Amino acid sequence: MKKPSLIKRFFSFLLKIVVVLVLMVLIAVGSFEGVTYYLTGSLYDLRDLAKQEIEAENPAGTETESETEVNNKNIKCSVLFVENENGTDDYSILSMINTKSGATDFILIPLHVQVTVGGDLLKDIQEKIPEVGSTIDTDDVSRVFGEEKYQMLTRIYENMTGLTIDQYNVLTQKKFVSLLNIVGDVTYQLDSDLSYRDSDKVLHSMEKGEHSLDGEDAMIIMSYHDGSDKQESARLERSAAYLETWLNKLVEQGKGEEFIEKIEKSSDASEGRDYTEEKKIWENINEDGITVRILQGAETNGVFTIDTQKAKLQIATLIKQGEEYNKTSDDGDSVMSEDDDSDTAASSRGYSIELYNAAYVSGLAGEWEDFLEEQGYSISLIDSYQDEGPISQTRIIVSQEGLGQDLLKYFPNADIQTGDIDTGGDIQVYIGTDSTTVGGESGQKYTGEDQEDEEDEDQTDSTQNGDSSGSYSFDTDSE
């Protein structure tokens, strides 16, 4: 029998190779994980081994990073819970008073919080919710713990902030409205139209612009959810703006002590709740000694995840600032030591600051540049930032830990992050829609008229947080 020619044998061999390769591809597509393990199995084995060792050394709920220490010395903390009439949402305000300086911080805690806990706290939660992991949802705690939910929520807030919180008060929504009414109506600037339904399901609306709010109107503002992805962030920002104005009016009217007495008389309190020190401080406090903040967190579809390290850093910063506040002097003038020590190591003066307009408000970065340069800061660059759309919370990026803290005086709700800056600056400030008031709490509202800078001329009008066209029920946060 005649043997195939050399050429035929070559192509036959080549065909066999092609068939084998095709089969390998089909096997790889059909069983990608198996092929991947065959090629890189030893690497994955090492990773799994390292992961198992880490989990063995750090059980669920424990921190692998170094903990931020919160100094509780001279700090008296309590939580005010406001029971929503629908029985599902309880609004929480953490009060933090420096009993030595008199400085008082109010921290608004988001609804629908997810946070990682561990140790005895997790064990106690698992007694009633056995299936829960180290990441817990405060909604589940509220639903399951019944009458004990406020004690448990207080313990969770302690875990989140690093504070010692041994006291709390619970007000019904009706009594909270009555508390708000002790100062009369409060002027409030609504940034967008708002639609809601009352207890009889009748649709109402509040138009964009200036309003004079009584307690019930204020509760609508502080409860309204617009249905957007950042609806809770927007609600918290409205609440903070209103409460800041309300507290200033309370102090102007000299009703601080009455405020504490009304809470004492109209709320259910934790065992041993003592108001003595608070009454004494509120007799003499002025508006410079009061701040309103929002507990930092990341929101996704109305659910907040709290990074306890960032939250504790925020609390530690507020405590440090509170220590620098001096009580009202005999002549009634407030003395703030932080302005007298403007050139300390923690000061951002002398460092290169870049400003980015991330609020979509024309000319805003230029206005902030003028203001901050008047305060002695060095601005090296202003520009627009449109990569994320308008951001609601101002973001401060610093090249080294400890910088930027003094800028919180002007951007009180800013999130400070340490990161690499490759543009040559030391600090980057991404100005969000929470910082359209140039100068911060004591600044003037920016109007955007006849005030444009070259870098921001392409910016559009301010975009409001979320779509406020959705309807809202006063008894149920959203329909």
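At what angle do helix α4 and helix α5 pack, and how far apart are their axes?

**View 1. Helices α4 and α5 pack against each other in the predicted model.** Helix α4 covers residues 138–145, and helix α5 covers residues 149–161. They pack at an angle of about 155°, with their axes 8 Å apart. Angles over 145 degrees count as roughly antiparallel, so α4 is roughly antiparallel to α5. The crossing of the pair is right-handed. From α4, the contact takes T138, V141, S142 and F145. From α5, it takes K149, M152, L153 and I156. By class, 5 of the residues in the contact of α4 with α5 are nonpolar, 2 are polar and 1 is charged.

**View 2. Helix α6 meets helix α9.** Helix α6 spans residues 173–180 and helix α9 spans residues 256–266. Their axes come within 10 Å and cross at roughly 160°. That angle makes α6 roughly antiparallel to α9. The crossing of α6 and α9 is right-handed. K175, S178 and L179 are the α6 residues in the contact. Facing them in α9 are F259, K262, I263 and S266. The residues of this contact divide into 3 nonpolar, 2 polar and 2 charged.

**View 3. Helix α9 also packs with helix α10.** The axes of α9 and α10 come within 7 Å. They cross at roughly 150°, which makes α9 roughly antiparallel to α10. On the α9 side, the contact includes G256, E257, F259, I260, E261 and E264. On the α10 side, E278, K279, W282 and E283 take part. Charged residues number 6 in the contact of α9 with α10, beside 3 nonpolar and 1 polar.

**View 4. The largest nonpolar core has 83 residues.** I156, L163, Y242, W246, F259 and W282 have the most contacts inside this core. Helix α8, residues 231–252, supplies the largest share of the core, with 8 residues. Another core lies apart from it and has 25 residues, among them I353, L364, I382 and V438. In soluble globular proteins, nonpolar side chains tend to be buried together.

**View 5. W246 and its contacts beyond its sequence neighbours.** Neighbours within four places in sequence are left aside here. W246 is then in contact with L179, L180, I182, V183, V186 and F259.

**View 6. I285 sits in a loop.** The loop runs between α10 (276–284) and β12 (290–294). Is I285 buried or exposed? The relative accessible area of I285 is 10%. Buried means under 20%, so I285 counts as buried. T104 is 181 residues away along the chain, yet the C-alpha atoms of I285 and T104 are separated by 8.8 Å.

**View 7. The whole chain, for orientation.** The protein chain has 479 residues, and 45% of them count as buried. Its secondary structure comes to 13 helices and 23 strands. Among contacts between residues at least 6 apart in sequence, 69% join residues at least 24 apart.

Conventions. Residues numbered from 1 in each chain as written. Predicted model: local features only at pLDDT ≥ 70, side-chain atom pairs only at ≥ 80, totals over all residues. Heavy atoms only, no water. Axes fitted to C-alpha atoms, helices over the stretch in contact; angles between N-to-C directions. Helix = DSSP H or I, 4+ residues; strand = E, 2+ residues; numbered from the N terminus. Parallel < 35°, antiparallel > 145°, perpendicular 65-115°, else oblique. Left-handed = near helix turned anticlockwise from the far one by under 90°. Contact = heavy atoms within 4.5 Å. Nonpolar A, V, L, I, M, F, W, Y, C, P; charged D, E, K, R; others polar. Core = buried A, V, L, I, M, F, W, Y, C linked by side-chain atoms within 4.5 Å. Buried < 20%, exposed > 50% of the residue type's maximum accessible area, 1.4 Å probe, protein only.
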